[in-house]
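Me: Please take a close look at one part of this model for me. I want the helix packing and its surroundings, residue by residue.

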Amino acid sequence: MIPKELLEEPKVVASYSDRVREVISRMQENNQWVVPVVRDKVVIGVISYNELLRRKVSPESKVINLMIPSNNVLESEDEARVVAKFYTTKSRALIVVDDKKRLVGIITREGFLSYYLNKGEIPDAKVREVMNSPVITIDANDSVARARWLMSNNHISKLPVLENKKLVGIVTTRDIVNRLYSEGGKKKSSILTEEERLMALPVREIMTYPVITTDGNQNVKQALETLLKRKISGMPVVEGDLIVGMFSGIDVVNLIAKKFELEMPIEAKLSGELKQGDVKAMIDGILERYLARLEKLTEVINFKVTFKEVAKSQDKKVYQVTARAVTKIGDFISKDSDWDPVTAVRKAVEKLEERVTRELKKIEEKGRKPKAEEG
């Protein structure tokens, strides 16, 4: 059974017929990143800040038009399964359900990390050993639209803001979403005008400053205490005047996962030059992010990606990527190619996600159809 200390009662629960504006207002008031959506006490999806950033809808739309599949764990599952689910999905929260998919509670990433911190079970390490690097940043004069694109495209929730290569602020998913949906009472035409105005603003107009930071030599436990105390999900790692990484709760989840001897179910066969430097780091990052997205849809048993050079012209190679996911609902394969290996892998795994999503919709529609009468 899931330890009771991990379970929380969500302060915000939405109905599929609620208005998006009302739910976002409650999310802001209660500092809740993920909201379960229920119908007849059964969990049918979630609303999250990440999805609100990625897909803008009218504040007057119903929740059912914006919700995504929920990342569930059964209340009967053990602690190791909770660790594994946080590790593979990188979620801000897991929805706990019973065997009939009825809502039992929620486990937030912050609650999960507090649980292990209080137990004294955070492995000893320096921030530098676990941080995410290189860092995706944005210039203070870049538009909010670019910040939104960078966060959506890279599946991240915050961007350090630089001016003359120095850290001057930070912008988060929540900064943008709260402003996007703050005009709920206006007419549709006014809302669209307001969105255009917001997207055109320089990031400096909405960023938060001064920025809470850490350094590479700090102990992970101390850095985690700062995250929990300041109620933030991550912070830049600064050495001198340079940002050398980002430290977040996900990095601590990864440390805990190693203690449970968990490994990502990813196999990536890279050709010679792809095994080195930033290209490998970018490919690894894409694969981990898309595994997390697939895990939120269905259980992934194996996720395999292979590269093949299929053409060469003017010293440029064309890379063909084959992506395969063995999941609880079936085996899925997709292929794509590009001169850029990073673009090729992103296109292939995007197709894979689309195919899994389509199959889930078919299963859902089939389940809704009334059974033929026997006779």
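Reply: Ser248 is buried, because its relative accessible area is 19% and the cut-off for buried is under 20%. This is a predicted model. Ser248 sits in strand β11, which covers residues 242-248. Leaving out residues up to four places away in sequence, Ser248 touches Leu227, Ser233 and Gly234.

Next comes helix α10, residues 249-259. Two helices are described here against α10. Take α3 to start with.

Helix α3 spans residues 79-89. The axes of α3 and α10 come within 9 Å. They cross at roughly 135°. That angle makes α3 oblique to α10, because only angles over 145 degrees count as roughly antiparallel. The crossing of α3 past α10 is left-handed. From α3, the contact uses Val83, Phe86 and Tyr87. From α10, it uses Val253, Asn254, Ile256 and Ala257. By class, this contact has six nonpolar residues, one polar residue and no charged ones.

Now α4, residues 109-118. The axes of α4 and α10 come within 11 Å and cross at roughly 50°. So α4 is also oblique to α10. Its passage over α10 is a left-handed crossing. On the α4 side, the contact is made by Arg109, Phe112, Leu113 and Tyr116. On the α10 side, it is made by Gly249, Ile250, Val252, Val253 and Ile256. These residues divide into seven nonpolar, one polar and one charged.

Leu113 counts as buried, at 3% relative accessibility. Beyond four places in sequence, Leu113 touches Ile122, Leu224, Gly249, Val252, Val253 and Ile256.

With residues up to four places away set aside, Phe112 touches Leu6, Val82, Val83, Phe86, Ile107, Val253 and Ile256. In that list, Val83 and Phe86 are α3 residues of the α3–α10 contact, and Val253 and Ile256 are its α10 residues. Phe112 also belongs to the largest nonpolar core, which has 58 residues. The residues with the most contacts inside that core are Ile107, Phe112, Phe247 and Phe303. A second, separate core has 43 residues, including Ala93, Leu150, Val171 and Leu201.

Back to α3 for its burial. Helix α3 is mostly covered, with nine of its 11 residues buried. The buried set is Glu79, Val82, Val83, Ala84, Lys85, Phe86, Tyr87, Thr88 and Thr89. Thr88 lies in α3 and counts as buried at 9% relative accessibility. Apart from neighbours within four places in sequence, Thr88 is in contact with Met264, Pro265, Leu291, Ala292 and Glu295. Just after α3, Lys90 takes a positive phi of about 60°.

Helix α7, residues 173-180, is likewise mostly covered, with six of its eight residues buried. They are Thr173, Arg174, Asp175, Ile176, Val177 and Leu180.

Some backbone geometry is worth checking too. Most residues other than glycine have a negative phi, and most peptide bonds are trans. Lys231 has a positive phi of about 55°, although it is not a glycine. Lys231 is in the loop between α9 and β10. At 64% relative accessibility, Lys231 counts as exposed. His155 has a positive phi near 55°. The place of His155 is the loop between α6 and β8. His155 is partly exposed, at a relative accessible area of 30%.

Two peptide bonds are cis. The bond from Ser133 to Pro134 has omega near 0°. Pro134 falls in the loop between α5 and β7. The bond from Tyr209 to Pro210 is cis as well, with omega near -5°. Pro210 is found in the loop between α8 and α9.

Methods. Residues numbered from 1 in each chain as written. Predicted model: local features only at pLDDT ≥ 70, side-chain atom pairs only at ≥ 80, totals over all residues. Heavy atoms only, no water. Axes fitted to C-alpha atoms, helices over the stretch in contact; angles between N-to-C directions. Helix = DSSP H or I, 4+ residues; strand = E, 2+ residues; numbered from the N terminus. Parallel < 35°, antiparallel > 145°, perpendicular 65-115°, else oblique. Left-handed = near helix turned anticlockwise from the far one by under 90°. Contact = heavy atoms within 4.5 Å. Nonpolar A, V, L, I, M, F, W, Y, C, P; charged D, E, K, R; others polar. Buried < 20%, exposed > 50% of the residue type's maximum accessible area, 1.4 Å probe, protein only. Core = buried A, V, L, I, M, F, W, Y, C linked by side-chain atoms within 4.5 Å.
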